[in-house]
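User: Could you walk me through this one? I'd like the ground rules before the details.
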Amino acid sequence: MRRHWLSTGMAAALVAFGLAACGSGGGSSASTGLQIWEGYTGAEATAFKHLLSEWNAAHPSEKVTYLFVNNDNSLPKLLTAVRGGSQPDIAYVYGSWAPNVAQIPQVVNLTQVVQRSGVNWTDFWVGERDVATVKGKVIGIPALVDNLAVVYNKALFAQAGLSPPTPNWTWTQFMADAKKLTNPAKKQFGTAYVTPGSEDTVWHWEALLWEAGGQILNSSNTQAAFNSPAGLEALNTIRTMAVTDKSMYLDPTDSEYANLFNSGKIGMLVTGPWDLSGFPNVHYGVQVMPSFAGTNGGHQTISGPDNWVIFNNGASRVAAAEQFLLWMTAEPQDTYFSLHTGDLPIRASQEHASGFLQQMNTALPGVDTFVSNLNNVKQARPQLATYPKISQILGTMIVSVLLGKSQPQAALASAAQQVNQALASG
Amino acid sequence: MLAPVAALRRQRRQPATRATRHRDRVRASEQIAGWSFVTPGVVIIMLFGIVPIVWSAVMSFQQNNLLTGNTPFVGVSNYRQMVHDPIVAQAISNTLVYTALFVPGTMLVGLFLAVAMNRQIRFISVYRTAAYATMAISTISEALVFIWLFDPSYGIVNYLFSLVGIGQQPFLNSTSEALYVIIIMTIWGWTGFAVVIYLAALQGIPKTLLEAAAIDGAGRWATFRRVTLPLLSPASLFLLVWLTINALQLFDEVYLSTAGGPLNSTSVLVYYLYEQAFTNFNFGYASAIAYFLFVVIIIVTAVQFWGGRRFVHYRS
C-alpha cells in the first residue's frame, strides 16, 4: 500500500505544481498597467498602436498594453478569461453581443461615467448609444460605427443607359435598375444578397423592414411585429429580384459578392464602408438606400456598432480604464483614427468639422455618404439576449424565400410564430 | 498460465523474506521512476482532456450560458429537448449521409491512387508529394478553392457541365446539392492521408507472397483481391475508424463554406452544437449534443473494432 501512497502523492504534487504554474501565468496581469484586448489589423492596427503610444507617453503609471484577439472569437475567450479570473481591463466586443455581455457580473456599469462633464455622451450617434445600452444600463463606450448604403458601379450604369441613383430614389427604381443591369450572357447581375442565413443576411432585410414602416418586435419586445404589410413589402422586394427577375446574385458564402463587384460583375451592392477599400478596380459611387414610395419610413439604414467594455479588476484599474477609454474616444483621437483608417467617426460632431469629410473622401472615395448616412440610423435591433435566436429564425425565413422554397406571406407567419415562442421561453 | 499466478499468490501470503523485501523495494523504485516519467503527460491529459470531458458532462445537465454564475440543474431536459428539435434530427441525418459517403469515398480514392503510385515510374515522388499535398493545404484555402469551383454562375464545374450539355446547377445555393459539394471537398482534402497510409501498407506486403500467387497462376486482379487486399486490411480498419471519427466531427468545411446552410441542409452535429454554444449561448444544450455525439462515436468505434476482428488479417 505504501508504494501506492507514494506514487499517488507524487502525482498529486506534480498536478498541483502544474496547476500552480498555470495559475501564476494567468495572474501576470496583476502587475500595474492596463491590458486591452482588440482585434485590429492593417491600417487600424497601426493607427491604434500610434494612439496607444501617445497615451503611454503621457501616462507612464497607467500604461496600456494590448493583446490581439480576433473579434469573432473575443466573447468565447472573454468568457474563459472571466472564469479563470484573468479578464483584461478593456475588451473590444461586437455590439450584437451587448445583451449577453451585460449579464457578465464583472462587466462595469458605465451609466454614470458617460454622464461626466466633458464626455458629451449625446455626441455619440444615437445608433451607437442604443447598442451600448442594455435595459437602461450603459455597458460600453462606442468603438466603431458603420451602416449600409448602396455602392454602385458607374461604368455599368452608363453602359446600361441608366442615370446614377439620386438621394430621393425608391426601391421600385432600384429593382428596375437591377433588372436592366442584369445580363445573363455576360454573367452580370444587377445586385447581390448574402444568403448564409446569418445576421448578415438578416440585418440587410431589417433595414428594408424599417424603411417600409415596419418593426421587428413590438415596443415592449414581447411579440413579433414583422409579420405586417411592411414586412411583406420588404420581403417581396428582395424576392422579386432573386426569384422573378433573377437580377440578384445570391452568395451563400458571404465572401464572393465583393470580389464579383470589384470584377464588374455586379451593378449595385447594399453594403457598408468596410468594403470600399476592396473595390480598387471599379469606379463606384455611393448613394443612400432607396425608400419605399407611399410609406412614412423614408430613407433609413441599419448600423452595427461595436463597444469597448470594461471588466472589473479592482477600483483603481477600473478608474484608469475609464479614463483611457474616454481619452481614446474623445474628438482628437477619433479624428486621427478615422482619417488614418477610413472608419466612420464615432462622434456626430465630426461630420461638420471643417475639412473632415473632404479628407476622409480623399483617402477613401464615397465614404462621406456613409458618414452622412449615419443620420439615417433611426432604430436599433432589439437589445435582447434572445436576439441571436430571433436572428436565426429570420435568416431561415429570408433564405427560404430567396431560394424560392416558400412564399413570403407563409414564411412571415411561420417565422413570427417561432419568434413568439422564443420570446415566451426567454 | 494459471499455475504461475496461483504460485505467486501463495508466495505473497508467506511472511516476507529478505529476498521478497528486496524485490518490493526494487518494484517501488521502478514505480516511482515510472510515475515520474509519465506524470507530465498525465497532468496535461488531466487538464486538457479529463477536466473538459467531466465539466461538459456536468454542463449537459445544467442551464448554462457561461455568462453568469447562475447555472441551475435541469436534469435531463437538455437531452429531452434534443429529441424534439427538428434541426438536431436534420443534423443527425446530414452527419450520417456525410459519413456514409465520405469514409468509403476517401478510402476508395486513396486506395486507387496508392496502388497506382506503388510502382517504380518516372517522377513517382512528384506524384506522391502531389497526392499528399492535399493534407498540407489549409482547410480555409481548400474551402475557398471549392467555393469558386462550384460557384453557380462563375464556377468551372458548371462550365464543364455546360460543355457536356448538363444544365447549370445551383450547388451551394441548393438544399439538395450543398452537402454533396462538401463531401467532394473533404474527400479531396483527406485523400492524401489515405494515400500515405495505403502506400506504407502496400510497401509492407512481402514480394514473396505476390510472386507465390503469380506462380500459382493468379492474375493481376485475383492477386489484388486475394493477397493484396487482405494484407491491407489492418490499414483499412485504421482508416475506417479514423475517418469515421473525423467524419462524425465535421466542422471546418461547413463553417467556412456554407455556415450550415442553405436552410440547415449542411448543418451537421458539431456545427449545430457550435451554433448553440457560441451564437445562442446555450452551453448546457450544446454539451448535451456533444455528449450524444461522444456516445455515438464510442459505439460506432466499438462496433468497427468488433467487426474488424472478423475480416482484418494481421500478418504475424
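Analyst: Two residues are in contact if their C-beta atoms, placed from the backbone, lie within 7 Å. This is a predicted model, in which local features need pLDDT of at least 70 and side-chain atom pairs count only at pLDDT 80 or more, while totals for chains, interfaces and linings use all residues. Residues are numbered from 1 along each chain as its sequence is written, and chains are lettered from A and ligands numbered from 1 in the order in which they are written.

User: OK, what share of chain B contacts between residues at least 6 apart join residues at least 24 apart?
Analyst: In chain B, 69% of the contacts between residues at least 6 apart in sequence join residues at least 24 apart.

User: And how many helices and strands in chain B?
Analyst: Chain B has 14 helices and zero strands, where helices (H or I, at least four residues) and strands (E, at least two) are DSSP runs numbered from the N terminus.

User: Why is chain B called more spread out than a compact globule?
Analyst: Its radius of gyration, taken over C-alpha atoms, is 26 Å, well over the 20 Å that the globule rule (2.2 Å times the number of residues to the power 0.38) gives for 316 residues, so chain B is more spread out than a compact globule.

User: Switching to chain A: where is Asn376(A)?
Analyst: Asn376(A) lies in the loop between α14 (367-373) and α15 (387-402) of chain A.

User: Buried or exposed, that Asn376(A)?
Analyst: Asn376(A) counts as buried because it has 22 C-beta neighbours inside 10 Å; the cut-offs are 20 or more other C-beta atoms within 10 Å for buried, 12 or fewer for exposed, and partly exposed in between.

User: Which residues does Asn376(A) contact, leaving aside neighbours within four places in sequence?
Analyst: With those set aside, Asn376(A) is in contact with Val288(A), His299(A), Gln300(A) and Thr301(A).
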